[in-house]
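Me: I have a protein model open and would like to go through it step by step. Could we begin with a single residue and widen the view from there?

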Amino acid sequence: MAMISEDTYRKYWERKFRGLLIFLLDQSGSMLQEVEVGGKTYTNGAIATAALNDLIYNITNNIQADDVTGQLKDYCDILVLGYGDQVLPLLDNGRTTPISISELMANPKGHTQVQVGRMVQGRVIQVQENRPYWVAPVIGSKRTEMAMALQYAYEAIRNWLAVDKARERSFPPIVVNITDGDHNGVGNPVTEANHIREQVTVDGHVLLFNCHLTSHGRQRIVFPQRLETIQKQITDADEREWATQLFTMSSIIPRTIIRRARNLYHVTLEDEARGFIYNASPGDLMNFLRWGTQPNG
């Protein structure tokens with residue numbers, strides 16, 4: 001096992017010291033709940049899927065070629081797992097092992113029309129753009145096997161780190177769990193989350209962030225520092241239990257990521273804040289994925 005450096009979470013992704021992103025996507029029936037965005041109605045599952053595809057597109061679109069060899073600078077691997085009654089790989093190769101961004105770039109699931117903003121003569125206009133996509137939701141399960149999904153993520157990280165010694169010196173893997181409810185399957189997600197966060201590289205412990213989506217516009221809790229915040233702001237007993245569970249599962253956001261979020265995106269984050277949003281809006285999710293899945297820099 002890697003010995004943790006005292007100066008943590010400062011590595012950059014690069015070909016030799018590559019990164020790992022794992023996304024866990026709730027696919028239970030409750031993800032069919034609808035939310036209105038920009039005058040149009042979408043399901044929570046569609047919102048989460050679109051956000052993941054947008055993130056993967058931006059990562060693959062920014063990959064550069066080596067000036068000498070012409071080969072792509074492959075600096076990150078990605079795994080997307082859906083969980084409902086069972087855990088399923090959502091990327092097109094059907095594997096529960098991470099995939100390089102160059103492989104993703106070459107093998108999208110398909111293409112679709114996406115509305116994007118473009119700057120034209122000093123103003124932003126909305127245009128249709130044909131983009132690749134990699135993740136398609138399979139929603140409708142009765143159960144929410146969150147603990148099982150976390151077990152899969154743990155095994156994927158453990159095996160990925162064991163591939164070569166360079167990975168033990170990389171920025172730690174990042175796991176993002178996107179859900180709209182609570183675990184109601186077998187096992188204990190808090191226990192499994194602890195196992196994930198105990199894994200390390202020399203640059204720090206593996207990071208686990210949780211984003212809870214809502215369709216109801218209820219009280220948002222964004223990056224809380226203390227459990228007391230949840231206990232005071234959520235009056236419903238069941239919701240308070242779910243939020244407490246996700247808070248406990250979540251990593252404290254490293255200071256390097258907090259500083260970048262403050263500087264680049266003007267996000268208000270306190271030291272010791274947890275990587276957790278409860279009752280997130282679609283915009284919250286997009287912003288969370290934009291800065292929460294990048295290493296230092």
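Me: Where is Lys109 found?
Reply: Lys109 is found in the loop between helix H2 (101-106) and strand S7 (110-120). Helices (H or I, at least four residues) and strands (E, at least two) are DSSP runs, numbered from the N terminus. The model is predicted, so local features need pLDDT of at least 70 and side-chain atom pairs count only at pLDDT 80 or more, while totals for chains, interfaces and linings use all residues. Residues are numbered from 1 along each chain as its sequence is written, and side-chain values use heavy atoms, with hydrogens and water left out.

Me: Is Lys109 buried, partly exposed or exposed?
Reply: Lys109 is partly exposed, with a relative accessible area of 31%. Buried means under 20% relative accessible area, exposed means over 50%, and partly exposed lies in between (1.4 Å probe, protein chains only).

Me: Which residues does Lys109 touch?
Reply: Leaving out residues up to four places away in sequence, Lys109 touches Leu90, Leu91, Asp92, Tyr133, Trp134, Val135 and Ala136. A contact here means heavy atoms within 4.5 Å. Asp92 is 17 residues from Lys109 along the chain, and the C-alpha atoms of the two are separated by 5.8 Å.

Me: New topic: how many salt bridges are there?
Reply: The count comes to nine salt bridges. The rule requires a side-chain nitrogen of Lys or Arg within 4 Å of a carboxyl oxygen of Asp or Glu.

Me: Which residue forms a salt bridge with Asp77?
Reply: Asp77 pairs with Arg18, and their closest N and O atoms are 2.8 Å apart. This pair links distant parts of the chain, 59 residues apart: Asp77 is in strand S4 (residues 76-83), and Arg18 is in the segment before strand S1 (19-26).

Me: Why do both of them count as buried?
Reply: Asp77 counts as buried because its relative accessible area is 6%. Arg18 counts as buried because its relative accessibility is 11%.

Me: What about Arg131, which residues does it meet in salt bridges?
Reply: The side chain of Arg131 meets that of Asp54 at 3.1 Å, N to O. Asp54 is in helix H1 (residues 44-61) and Arg131 is in strand S8 (residues 123-133), 77 residues apart, and this pair too links distant parts of the chain. Asp54 is partly exposed at 24% relative accessible area, whereas Arg131 is buried at 10%. Arg131 also forms a salt bridge with Glu129 (2.6 Å, N to O), and both of these residues are buried. Elsewhere, salt bridges that share partners join Arg18, Asp74, Asp77, Asp164 and Arg167 into one network.

Me: On to helices. How do H3 and H4 cross?
Reply: The axes of helix H3 (residues 146-161) and helix H4 (residues 189-198) come within 8 Å and cross at roughly 15°. Axes are lines fitted to C-alpha atoms, for helices over the stretch in contact, and angles run from 0 to 180 degrees between N-to-C directions. H3 and H4 are therefore roughly parallel to each other. Angles under 35 degrees count as roughly parallel, over 145 as roughly antiparallel, 65 to 115 as roughly perpendicular and the rest as oblique.

Me: Which residues in H3 and H4 meet?
Reply: From H3, the residues include Met146, Leu150 and Tyr154, and from H4 they include Pro189, Ala193 and Ile196.

Me: Finally, how many helices and strands are in the chain?
Reply: The protein chain has eight helices and 14 strands. Of its 297 residues, 48% are buried.
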